[in-house]
Each structure stands twice: as C-alpha cells, then as structure tokens.
Amino acid sequence: MAKAFFRLQKFLRRTQFLLFFLTAAYLMAGSLLLLQRTRLVIQQGSRGTPANQALPMPDEMTRAGIIDPRTLQGPRPGPRLLVGMDALQEPALDQRHSPHWLMSRNSELRQLRRRWFQRFTSDQEPLQTAGLKAMKHTTEHKGTYMGCFTHDSRERTLKGAVFYDLRKMTVAHCQEACAERAYSYAGLAYGAECYCGNTLPAAASRPEECNSECKGEKGSVCGGVNRLSVYGVEELRAAARRRRNVIYRGCFRAPENLTDTFPASLIQPNLTVEMCSEFCSKKEFPLAVIRGQECYCGYPTGRFPLRDGTDGMRCSGTRNASSAAQGKYCLVYQTPVQDTRCTDRKFLSTKSKVFVALSSFPGAGNTWARHLIEHATGYYTGSYYFDGALYNKGFKGEKDHWRSRRTICVKTHESGKTEIEMFDSAILLIRNPYKSLMAEFNRKYAGHLGYATDRNWKSKEWPDFVNSYASWWASHVLEWLKYGKRLLIVHYEDLKQSLIPKLKEMVEFLNVTVTEDRLLCVENNRDGNFKRSGAKQKNFEPFTQEMKDLINRYILTVDEALRGRNFSGLPREYVPR
C-alpha cells in the first residue's frame with residue numbers, strides 16, 4: 001500500500017512540474033510575441049527609417065558632395081567622407097540628431113493600432129435580439145427599405161459601384177453615394193460595405209438575418225453576413241442629379257459596327273447629353289456615346305479603347321443628321337456609373353512562392369500603384385505597416401500579416417540591407433523628389449487627401465523635413481539597387497502618362513495574366529479613393545535655393561546609379577530646376 005502511495009505521489013509531483021513548465025513556456029512565448037510586435041510597431045513608426053537611425057551614405061552621394069543632414073548636430077558642419085558603394089556603412093544610432101516627428105511617429109502608430117483594435121473588438125460583439133427590435137429602417141433615412149436579401153460576393157445582384165468604410169459607414173452615406181451615381185438601389189452588408197445597382201436581388205431572407213450594426217451609426221442595420229439590407233433611392237436621384245457629374249472624354253472615331261460594339265442603344269429625336277447619360281446610367285454602363293440622334297452605352301473595349309482621340313472640331317457636327325449619316329466620329333461621355341469589371345478582389349488561394357515588394361519612398365504614389373495592381377490582377381496587396389485609413393477604404397491586405405504571402409505584393413518604404421534581402425523581387429517605384437517631398441509633407445500634416453496649411457509650409461518644420469527626407473529619397477533608391485535581387489524600375493511619371501503599357505509590365509513582372517478589357521477597366525477607374533482633388537496652388541515657392549541645390553545633387557547621384565546598373569535614367573522632368 002505504501003509503495004503504491006509513493007508511486008502516486010511521485011506521479012503527481014511530475015505532473016505538477018510538467019504543468020509548471022508548460023505554464024512558464026506559455027508565458028515566455030507570449031512575452032516574446034509581445035516584444036516582437038512591439039519591435040514591428042517601432043520599425044513601422046518611421047515608415048522605413050527608424051527614428052533613432054541615421055541613413056547610410058553610399059559613395060555615390062559622397063562623390064556628389066552630399067551629406068546626410070540627420071547625422072549633423074550643427075546647421076552647417078563639414079561633410080562626412082565615406083568610401084566605396086560596396087562598403088556601404090551600416091546604420092548608426094543617434095537619437096539626439098533625429099527630427100522630433102520621426103521619434104513621435106512610433107507613438108502615433110501605437111495609438112492608431114490601439115484605437116483600431118478597440119473599435120474592431122467592440123464591433124465584433126453580436127447584436128442582441130432586443131437591440132434589433134429597436135433598430136429602425138425607415139424613420140431615420142430618406143430611402144425606402146426594401147427588405148433583407150441574400151448576398152453572394154461572387155455573383156452579386158447589385159453589380160454597380162462598391163464602397164467600403166469599416167469605420168464610418170452609415171445607411172444615409174450609402175444611399176447618397178448610390179443616388180449620386182444614378183443607381184436605384186443601395187444595399188449594405190457586413191456593417192461596412194455598400195453596393196449599388198438597378199435590379200432588386202431575387203432571393204429574400206428573413207429580416208432577423210440582417211443583424212450587423214452600421215460601423216458609423218449605432219442603432220441602424222447594415223446587412224449581415226452574406227446578407228444585404230436594401231433601400232430604394234429613386235426619390236433621392238432627382239436631388240442627386242444636380243450634383244451628378246457627366247465627364248466629357250473626347251471625340252473619337254466611331255467603330256465600324258456600333259451595334260456589335262455597344263450592348264445597349266437608343267434613337268431619340270433631339271437627343272441631349274443628359275438624356276443619353278441618364279439612359280446609360282439606368283442600364284449600368286459607364287460610357288455614353290453619341291452619334292447624331294443615336295445613343296450607345298457600353299465599356300471601353302479592344303474595339304473601342306478610347307485611345308488616340310481626334311480633334312474636337314471633327315465632332316462639332318455629330319449631332320446633325322448629315323454628320324450622323326457619315327458615321328465617322330462620335331462624342332464620348334463618362335456616366336456616374338462605375339466600371340465594375342475589375343473591382344472584384346481576393347486573397348491568393350495558395351501562398352505565393354515569390355515574395356514581391358512594392359517599394360517606394362513615402363509620397364511616391366505607392367497607394368495609387370496598389371490600387372492599380374489590385375484592380376488589374378484581382379488580388380489584394382499587403383503592407384509592411386498598418387494604415388487604418390487605407391484598411392477602412394477597402395485595402396483589406398492592410399490587416400493581413402505582411403509575411404503571410406496571401407497578397408500579390410507587399411508595400412514597403414524600408415531600405416535597410418536586411419529588409420531588402422528578405423524579398424525575392426521588387427517593383428521599385430520612383431517619383432520626382434520635389435513632388436514626393438511635398439506629397440509626404442501634405443500627408444503628414446493633413447492625411448491622405450488633405451493639404452498642409454501655408455503656416456506649416458512656412459514653419460521651421462519644412463526646411464528640417466527637406467534636409468532629413470531628401471537624403472532618404474536618394475539612399476532608398478541606391479540601397480535597393482545594391483541589395484535588391486530582381487528589380488523592375490517604374491517611374492511614377494511614366495505610369496501616369498502611359499498607364500496601360502506600364503501596368504502591363506508590372507502585371508507581367510508579378511506573373512499574372514490579365515485581359516485587355518480588365519486593363520481598360522483599370523484605366524477607367526484609374527484615380528481610386530486616395531487622389532487629392534487638384535493641385536492646391538501656393539502663392540510662394542516652398543523650396544529655397546539651398547534646398548534645390550541639395551535635392552539636385554541627389555537627383556544626379558541617383559540618375560548615375562541607375563545608368564550604372566543598365567536601367568534607364570531618371571525622366572527629363574527630374575532634371576535640376
């Protein structure tokens with residue numbers, strides 16, 4: 001008996017030790033994970049360059065007489081000599097010499113993540129039945145509630161425009177957006193997604209299945225999981241018509257057979273642009289084409305790609321019967337309807353074997369390039385960072401871990417040797433440093449769509465910003481040229497000027513095959529949601545002569561390095577001012 005008791009006691013002691021060991025291991029693993037995430041946030045804080053890390057200075061920059069302002073304590077110290085691009089220095093820590101906005105960036109990112117996480121976790125709590133009864137569909141909104149319907153993201157009934165706002169979506173916002181784009185119905189799903197269309201979904205669901213609260217409006221229902229809360233917005237269209245934009249695309253040679261080229265048509269005496277645009281909008285087509293008294297609706301296609309527009313004088317008589325009989329030219333207008341042939345996106349079904357970076361200096365158009373790539377390939381792009389504003393507007397790859405390999409490429413502003421060599425290949429996006437610096441300064445002080453005030457530009461922050469970030473623009477390119485394994489160089493200005501040819505190169509580099517119609521759809525939706533509305537004119541020159549001299553030396557250095565690697569040099573407009 002004593003022997004059996006001794007064995008039991010020994011076994012229990014071993015079990016206690018085992019449990020203690022497993023608990024300790026679990027706590028250590030959690031601590032390591034927390035430290036790793038903290039390190040990631042700190043790395044993200046500087047958007048490519050840590051706050052306490054000076055940029056490495058390649059030999060090309062030294063030969064041009066360029067110094068890194070972030071390594072200088074006084075305003076005009078002597079240059080620091082370095083040797084050889086092959087002997088690139090490793091970054092040196094010197095927190096005292098870093099601009100204060102780089103050091104504060106870490107805390108900004110932490111607060112952004114904390115606020116987003118709190119909102120995300122709170123929004124995931126299921127709505128109670130009692131709360132659902134209190135939600136009103138009709139009293140607070142102008143549209144007519146049509147009911148709860150089944151929503152299939154692959155075979156959507158509401159095939160018009162699609163909007164995301166995972167933070168501020170409301171029923172009224174979705175209704176107004178659809179009405180302004182000439183749609184008859186607005187549908188909401190998942191509490192944050194808005195779909196527009198002119199045909200009511202066929203499969204109705206039980207009312208209680210639409211149980212997701214709107215992200216930006218407590219007490220209102222915005223669909224559910226695979227369910228749409230649908231509203232009729234016919235009564236809103238009349239008011240929205242005044243705000244609706246019909247954009248003139250140009251005068252083009254008409255295709256040989258318009259009936260085969262365009263799926264919908266209308267012959268109307270005394271036809272006007274408004275009549276044709278309204279007709280095509282109801283048919284859910286983004287183009288309205290007018291030839292005499294004939295109205296045609298459709299998309300840009302291989303037969304009618306909207307390239308090589310002709311002189312507008314040739315179309316001056318297209319509304320006359322005599323000109324219509326000739327049938328050579330037609331007027332083309334963009335309706336408020338969105339071209340949806342390229343709006344479907346998803347994550348890769350299997351992990352990518354090639355880890356591709358979309359690398360750029362901040363302010364060089366990385367977000368715009370991601371928009372183009374996602375719509376061209378149909379796959380989400382990832383990010384080394386987390387930007388809640390981008391995620392809320394539909395860049396769902398922002399929330400995915402950047403090493404998941406479920407995205408077609410990963411945005412990064414990093415330029416260190418280790419950060420570069422972890423990628424198998426990269427698209428290196430380069431933009432004129434004058435424009436990049438101004439864009440990033442605007443983003444820092446006014447967000448993705450705003451503009452910094454004149455007070456910001458005239459403060460001491462602006463010259464400090466230029467002195468610090470201009471050298472980063474140059475070293476970013478130089479380090480990717482040195483450490484990048486396989487590079488595709490894309491100049492922002494070339495992409496803007498020749499969108500489809502350059503986008504084809506990028507898509508082929510990503511090893512994805514796309515149709516010409518999809519690329520034409522991307523061109524039709526080229527701006528995306530993060531284009532600043534026009535260029536805000538300033539009544540003063542933001543760059544002093546000293547700033548220009550500094551930036552111009554960086555431009556010459558980068559141009560020489562590109563040509564040394566057998567790439568084409570920088571575009572002519574980069575030439576020093």
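Predicted model: local features only at pLDDT ≥ 70, side-chain atom pairs only at ≥ 80, totals over all residues.

Let me begin with Cys148, which is buried at a relative accessible area of 4%, where buried means under 20% relative accessible area, exposed means over 50% and partly exposed lies in between, using a 1.4 Å probe and protein chains only. Residues are numbered from 1 along each chain as its sequence is written, and side-chain values use heavy atoms, with hydrogens and water left out.

Which cysteine forms a disulfide with Cys148? The partner is Cys210, with the two sulfur atoms 2.0 Å apart, and a disulfide here is a pair of cysteine sulfur atoms within 2.5 Å. The torsion about the S-S bond of this pair is about 90 degrees, so the disulfide is right-handed. Cys210 is also buried, at 2% relative accessibility.

A second disulfide joins Cys174 and Cys194, with their sulfur atoms 2.0 Å apart, and with 80 degrees about the S-S bond this link is right-handed. Both Cys174 and Cys194 are buried.

Turning to Cys214 and Cys222, a disulfide joins them with an S to S distance of 1.8 Å, and this link, with 90 degrees about the S-S bond, is right-handed. Cys214 is buried at 3% relative accessibility, and Cys222 is buried at 0%.

By the distance rule, the count comes to seven disulfides.
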